[in-house]
Amino acid sequence: MENLTQNHLTSNEERIERFKESFEQRLALSIGQDLSYTSKLDQYRALAFAVRDELIAKWLKTQKTYYEKNPKRIYYLSLEFLIGRTLGNALINLDLEDSVKQSLDRLSISMEELAKIEWDAGLGNGGLGRLAACFLDSMATLELPAYGYGIRYEFGMFRQKIEKLQQQEYPDNWLRYGNPWEIGRTANHYRVHFMGRINNYLDRNNVQHCEWVDTEQVIALAYDILIPGYRTNTVNTLKLWTASSTREFNLETFNAGDYVGAIFNKAQSETISKVLYPNDNNYEGKELRLKQQYFMVSASLQDILFRLVKCGNEISELPEKAAIQLNDTHPSIAIPELMRILLDEAKMDWDQAWDITTRTFAYTNHTVLPEALEKWPVPLVEKVLPRHLQIIFEINQRFLDLVAAIFPGEFERRSRMSIIEEGEPQNVRMAHLAIVGSFSVNGVAELHSSLLKQGIFKEFYELFPEKFNNKTNGVTPRRWVRKANPSMANLISDKIGDGWIKNLNQLKKLEDVVHDEEFIHDWSRIKRANKLALAQEIKRRCHVDVNPDSIFDVQVKRIHEYKRQLLNVLHVITLYNQIKSGDQEGFVPRTVIFGGKAAPGYQTAKKIIHLINAVANLVNRDRSISDLLKVVFLPNYGVSQAELIIPGTDLSEQISTAGMEASGTGNMKFALNGALTIGTLDGANIEILEEVGEENIFIFGHTAEELIEIRNKGYSPSEYVEQNPSLAKVISQIKSGFFSPDDPTLFHSIYDNLLVQSAPYFVLADYAAYVSCQARVSELFKNQVQWHKTAVLNVAGMGKFSTDRTIQQYAEDIWNVESCPVD
């Protein structure tokens, strides 16, 4: 035993020294600096390169294994990958965290300080992109042969600042100092075509064909980001595309003497990968967004087919060698693009091409809101992708023939199910295209999947019941517990072992320690330390002192009416009024924390941010309120900020209108970190309730079915105001300019939206239940021991909500892909 310990110490010492040498070498050869003269940025970049070297060694073995074994591969297409910072996650998954820290300590360098220098990768906006990033982590951890495909946006969503109480958008130049984690593949590039015209011709056998000619072209250049599995030898690839002008495209204009035009054309072609989600409120924005989607899809399919052939397979074998998952409708233009390749380039007949296509694609839906389903005007598609529009019309005609055969005489059904929506102009319904062209259609929570089958896709479910299935979302415990909350993670591991990091179901063992007084004491101590860290961040960012012994009540997510930040604000104003009225006996202090971005063109969401900050401005300056109530809006919410906020949260706000949130993953992250949930019966809240028990979660409000009944009877918000004096006062304050004395009409639009007949988000209908439920929250918080026991039971019940489980179900039920371990 003594020899084993000595050998372990020797091995660990060798790792520390080896990495120290690697770091110093990278500092000299890659950064061109001696340690004595380096900046923190230089040190961070050298550290990133040294860790990347470890990744590359495993990545090379992984690729070698995949080419030798040639398994069926997974290709995950997404316009967003919200990966956050790479360093900490890579060190955890490579099991290098302690060794690297000790290596740097010997050089008097703080790893924690260097880690903070890394910018969050600006490759996504919200839950859709963060889910994609969690999926990649789980695919590598489960040793699945998988690739992610997306766009290397030069500028992310935007950098949010709060100025004059309002959201202001600034460029998110996350690549300003380069990205040491990416590997440019300049030899790995493909031509992507736009515009042009269709040329029809007959071949020697008198068979008609089409070719897409006289097109504008851009080059798609690849950048690889390496994705390691947790304590495996597998390192997979996230391949991101950036747009570059073609040589011919520039020279033709340049040689004609139009130098300015040549530069302009180059800039125009490279705009495609400039920014995540350009504002599509105008025609130019819509055209750019469509180009982005096709650009990513075209380059990715070319790369997939290149790899297929390189491995010795025929294109006809694609469904046996590839499963292509469409993350929402954004990549669904891939369906007509693959058909174009098979028809026009591989010269297949329609039936063979369609059979290959429909056995290759699978589609994940992320919304039940009809207005959120993506549509493209037919004239726009005809201009940008003329051949694809032809193929879409042909797909639609054949599909409608099938509908007519199965449901004869039901002309309205055909109209509702058509891929082409009639109107002026006509629109292409991308969700309908995705359903028709895929072999699998999945929702992301049990309620969501049920609503798809009973609601917006009911008629598709009646036609294709075998396609529809559910895959409840999850989160990766490596980033969202092990990295974000290391103290809590270590406490859990000390008690039940660290197997839970790879098998989250092992958290169930925590039920056996909930009555362990020492464990609960340690738990509460860690929670308070996390709250103090969050309080320091609030002071730094918002210049507000908050009480760490108050309830840290948190709602951080994309700002949208259906997520009902407004309901939270109404409760804040209610608490303010309660304190000001002198009703303070037994009042439990509360710090309400908001965060999230509103889309630049979404004026109502931006007005909600304005109201939140206006309320905060009044409350926080009122000395009579003291520490009883504070309100803060943390700007520029993102992954790294979430890793600080979530561990310090007491109460997680998941209060969307029932039936409107597909799943949510923030609810899972908070619960995994010991926050209690207050929420509606919406999305994955329902499944969290089932797992943790109704006594350990705060559920309120109308169900989706009840809201449908209210809507059908005629929802009248004013009735709820008339019946509730507290609500009436709050609404009156918003309308009268109480929070905007310099402009009393400032928030009239919010008042109007709340009171409009048949307001779709039912904020006022759920107000009374929400306020009552918040009172139960305050009552439990008074008993700190019971609060922390309830938090532990929440964590113990969260084993289901790992993306490892989700991805295993995708692999078995949809993709039919097995693990491919790397020796």
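This is a predicted model: local features need pLDDT of at least 70, side-chain atom pairs count only at pLDDT 80 or more; totals for chains, interfaces and linings use all residues.

Biologist: How is a pair of aromatic rings described?

Modeller: One gives the distance of the centres and the angle of the planes. Take Phe519 and Trp523: their ring centres are 5.9 Å apart and their planes stand at 40 degrees, so this pair is tilted. Both residues belong to helix H21, residues 517-542, where they are four residues apart, about one turn of the helix.

Biologist: Is Phe519 buried or exposed?

Modeller: Phe519 has a relative accessible area of 3% and is therefore buried, the cut-off being under 20%. Trp523 also counts as buried, at 3% relative accessibility.

Biologist: Which rings have the charged end of a lysine over them?

Modeller: The charged end of Lys161 sits over the ring of Tyr170, 5.1 Å from its centre. For Lys597, the ring is that of Phe158, with the charged end 5.1 Å from the ring centre.

Biologist: How many disulfides does a search of the whole structure find?

Modeller: The search finds zero. Cys311, for instance, is in no disulfide, as the nearest cysteine sulfur, that of Cys820, is 11 Å away.

Biologist: With which side chain does the side chain of Gln555 make a polar contact?

Modeller: The partner is the side chain of Asn568, at 3.0 Å. Gln555 lies in strand S17, residues 551-556, and is buried, with a relative accessible area of 0%.

Terms used. Residues are numbered from 1 along each chain as its sequence is written. Side-chain values use heavy atoms; hydrogens and water are left out. Helices (H or I, at least four residues) and strands (E, at least two) are DSSP runs, numbered from the N terminus. Buried means under 20% relative accessible area, exposed over 50%, partly exposed in between (1.4 Å probe, protein chains only). A polar contact is a pair of N or O atoms within 3.5 Å; within protein, one must be able to donate a hydrogen and the other to accept it, and residues adjacent in sequence count only if both atoms are side-chain atoms. A disulfide is a pair of cysteine sulfur atoms within 2.5 Å. Rings of Phe, Tyr and Trp (its six-membered ring) pair if their centres lie within 6.5 Å; planes under 30 degrees apart count as stacked, over 60 as edge-to-face and the rest as tilted. A charge sits over a ring if NZ of Lys or CZ of Arg is within 6 Å of the ring centre and within 35 degrees of the ring normal.
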